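Please consider the model shown below. The paragraphs that follow lead through its core, its sheet, its helices and some individual residues.

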Amino acid sequence: MQKIVLGGGCFWCTEAVFLRVKGVQKVTSGYMGGSADTANYQAVCGGDTGHVEVILVEFDDNVVDLDTIFAIFFTIHDPTTVDRQGNDIGSQYRSAIFYTNENQKIIAETMITSLKNQGINIVTQLKPSDIFYPAEDYHQDFFHKNPTQGYCNFAIPPKLIKLRQNFAEVWQD
């Protein structure tokens with residue numbers, strides 16, 4: 001089992017995608033990069049706490065490898081915009097990878113370099129994992145619990161389509 005922390009915009013969206021990847025055992029929405037006393041949704045939404053909305057992905061690397069996790073990550077969000085994902089604007093929505101070991105860092109650097117060599121202007125931050133603060137309970141598995149929520153219905157289905165079209169071998173309902 002491995003753990004990796006990813007920030008790719010709204011954690012509701014990234015969580016919904018990674019929960020549908022074979023080999024992913026658990027996804028927890030949360031915050032990373034700021035101080036403990038501001039690790040809550042109300043404070044983080046202001047965009048000035050230093051936190052990123054992230055997901056902690058726990059996965060079986062015998063089923064899905066880190067290269068695939070990163071490929072999915074770079075496909076389902078826009079890693080070329082600073083502090084923005086679609087209509088979500090603010091530093092809390094920045095593209096970020098928080099690695100938990102040196103091997104994860106090397107694999108991420110290799111993928112980022114490869115994408116840049118293809119002419120893609122990647123702005124994803126690559127940092128060592130910091131203290132992970134789980135988001136409030138109502139944010140966990142949000143899309144599943146709130147299937148008719150307007151934002152979710154607008155933002156998540158296109159990401160799921162990308163996952164299914166580009167990574168059918170790891171798609172699970």
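Which residues have the most contacts inside the largest nonpolar core? They are Ile4, Leu6, Phe18, Ile69, Phe70, Ile72 and Phe74, in a core of 46 residues. This is a predicted model, in which local features need pLDDT of at least 70 and side-chain atom pairs count only at pLDDT 80 or more, while totals for chains, interfaces and linings use all residues. Residues are numbered from 1 along each chain as its sequence is written, and side-chain values use heavy atoms, with hydrogens and water left out.

A nonpolar core is here a set of buried Ala, Val, Leu, Ile, Met, Phe, Trp, Tyr and Cys residues joined through side-chain atoms within 4.5 Å. Buried means under 20% relative accessible area, exposed means over 50%, and partly exposed lies in between (1.4 Å probe, protein chains only). A second, separate core has 8 residues, among them Val5, Val54, Leu56 and Phe132. In soluble globular proteins, nonpolar side chains tend to be buried together.

The sheet comes next. Helices (H or I, at least four residues) and strands (E, at least two) are DSSP runs, numbered from the N terminus. Two strands pair if DSSP finds at least two bridges between them. An open sheet is formed by 6 strands in the order β7-β6-β1-β3-β2-β8, with mixed pairing. Its edge strands, β7 (125–128) and β8 (133–134), each pair on one side only.

Strand β1 (residues 2–8) runs antiparallel to β3 and is joined to it by 5 bridges. Glutamine 2 has phenylalanine 59 as its bridge partner in β3, and lysine 3 has glutamate 58. With strand β6 (residues 95–99), β1 pairs in the antiparallel sense over 4 bridges; there, valine 5 has phenylalanine 98 as its partner. Because 6 of its 7 residues are buried, β1 is largely enclosed by the rest of the structure.

Strand β3 (residues 52–59) also pairs with strand β2 (residues 24–32), in the antiparallel sense and over 8 bridges. Valine 24 has phenylalanine 59 as its bridge partner in β3. Of the 8 residues of β3, 8 are buried. In a regular strand the side chains alternate between the two faces of the sheet. Both faces of β3 are covered, with Val52, Val54, Leu56 and Glu58 buried on one side and Glu53, Ile55, Val57 and Phe59 buried on the other.

Contact means heavy atoms within 4.5 Å. Not counting residues up to four places away in sequence, isoleucine 4 touches Ile55, Leu56, Val57, Phe59, Ile69, Phe70, Ile97, Phe98, Tyr99 and Gln104. Helix α3 (residues 66–76) lies across β1, β2, β3 and β6, at about 10° to β1. For such angles, axes are lines fitted to C-alpha atoms, for helices over the stretch in contact, and angles run from 0 to 180 degrees between N-to-C directions. Helix α3 is mostly covered, 8 of its 11 residues being buried: Leu66, Thr68, Ile69, Phe70, Ile72, Phe73, Phe74 and Ile76.

A further packing contact joins two helices. The axes of helix α1 (residues 11–18) and helix α6 (residues 150–166) come within 9 Å and cross at roughly 35°. Trp12, Cys13, Ala16 and Val17 of α1 make the contact with Tyr151, Cys152, Ala155, Ile156, Lys159, Leu160 and Leu163 of α6.

Phenylalanine 143, in helix α5 (residues 142–145), is buried, with a relative accessible area of 13%. Leaving aside neighbours within four places in sequence, phenylalanine 143 is in contact with Ala16, Arg20, Cys152, Asn153, Ile156 and Leu160. Arginine 20 is 123 residues from phenylalanine 143 in sequence, and their C-alpha atoms are 12 Å apart in space.

Two loop residues remain. Aspartate 141 lies in the loop between β8 and α5; although not a glycine, it has a positive phi of about 55°. Aspartate 141 is partly exposed, at 28% relative accessible area. Aspartate 83, in the loop between α3 and β4 (84–85), has a positive phi near 55° and is likewise a residue other than glycine. Aspartate 83 counts as partly exposed, at 27% relative accessibility.
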